[in-house]
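My notes are below the display.

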Amino acid sequence: MTIDMLLHDTRLAGNPPAIAQNQWDIAPSTPIRHVVGWTGTVARGNGKIKRLIVMAHGYEDTSHRGGYGVQLGAEGLTLKTVDFFTPLKGWVTSIILYSCAVVDTAPGKRMLSGDGNLLVARLAVNTGAYVVASSETQYYTVGNKATPLNFGSWEGDIYLYGPNGQRRLIDWGWEP
């Protein structure tokens with residue numbers, strides 16, 4: 001049996017839609033190692049996670065350039081923490097990052113903290129999963145319990161990273 005799991009960082013306002021069998025609202029103080037550890041526990045308890053859906057802010061600079069990571073838990077998903085995700089290798093089929101400008105590469109920041117292409121490629125390799133993310137700011141409606149968060153259509157280019165770290169441009173609708 002496999003399930004879908006949704007991780008919602010509570011700094012992203014609103015209630016996530018009920019689109020996964022396991023949904024976790026993550027507090028800003030939750031250590032990223034705990035997020036990964038619990039995700040692994042859920043995966044092992046259910047045979048595997050088919051889709052790990054992350055709804056969290058992407059780190060952007062004042063000019064809306066990104067690639068700095070995802071605001072997930074205390075430390076975030078960044079080039080400094082991406083290796084913490086290695087224990088999920090083989091336990092997750094795909095990861096969908098509903099976050100702003102994750103795969104952007106901020107000017108002058110290549111190979112430093114603003115290289116989203118490197119970050120997402122490493123996430124794919126470390127987890128052995130397919131990873132989907134966008135290069136642009138994502139707009140969404142906050143909603144409430146009756147009308148939850150809604151990201152609507154993706155903004156910008158959408159990329160699929162394979163478990164080998166290679167990326168390709170895709171149209172949304174891809175399924176693992």
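The entries cover the cavities, then the strands.

I am working from a predicted model. I counted cavities of 30 Å³ or more and got two.

Which residues line the largest cavity? I listed L7, L52, V54, L72, L77, F85, I95, L97 and L123. I then sorted this lining by class: nine nonpolar, no polar and no charged residues. I also checked which strands contribute. Strand 3 (49-55) and strand 4 (92-98) each supply at least two residues of the lining of the largest cavity.

Entry 3, second largest cavity. Its volume comes to about 30 Å³. The lining I noted consists of L12, A56, H57, Y98, S99, C100, Q138, Y140 and F151. How does the lining of the second largest cavity divide by class? I found six nonpolar, three polar and no charged residues.

Entry 4, strand 5. I went on to strand 5, residues 130-134. Four of its five residues are buried, and I logged the strand as mostly covered.

I looked up the partners of strand 5. Strand 4 pairs with strand 5 in the parallel sense, over three bridges. Strand 6 (residues 158-161) pairs with strand 5 in the antiparallel sense, over four bridges. I then traced V132 of strand 5. V132 is the bridge partner of I96. V132 also has a bridge partner in strand 6, L160.

How values were computed:
Residues numbered from 1 in each chain as written. Predicted model: local features only at pLDDT ≥ 70, side-chain atom pairs only at ≥ 80, totals over all residues. Heavy atoms only, no water. 1 Å grid on protein atoms, 1.4 Å probe; cavity = no way out; pocket = protein on both sides within 12 Å on 5 of 7 lines; lining within 4 Å. Points joined across faces, edges and corners; volume = space filled by probe spheres on them. Nonpolar A, V, L, I, M, F, W, Y, C, P; charged D, E, K, R; others polar. Buried < 20%, exposed > 50% of the residue type's maximum accessible area, 1.4 Å probe, protein only. Pairing = 2+ DSSP bridges.
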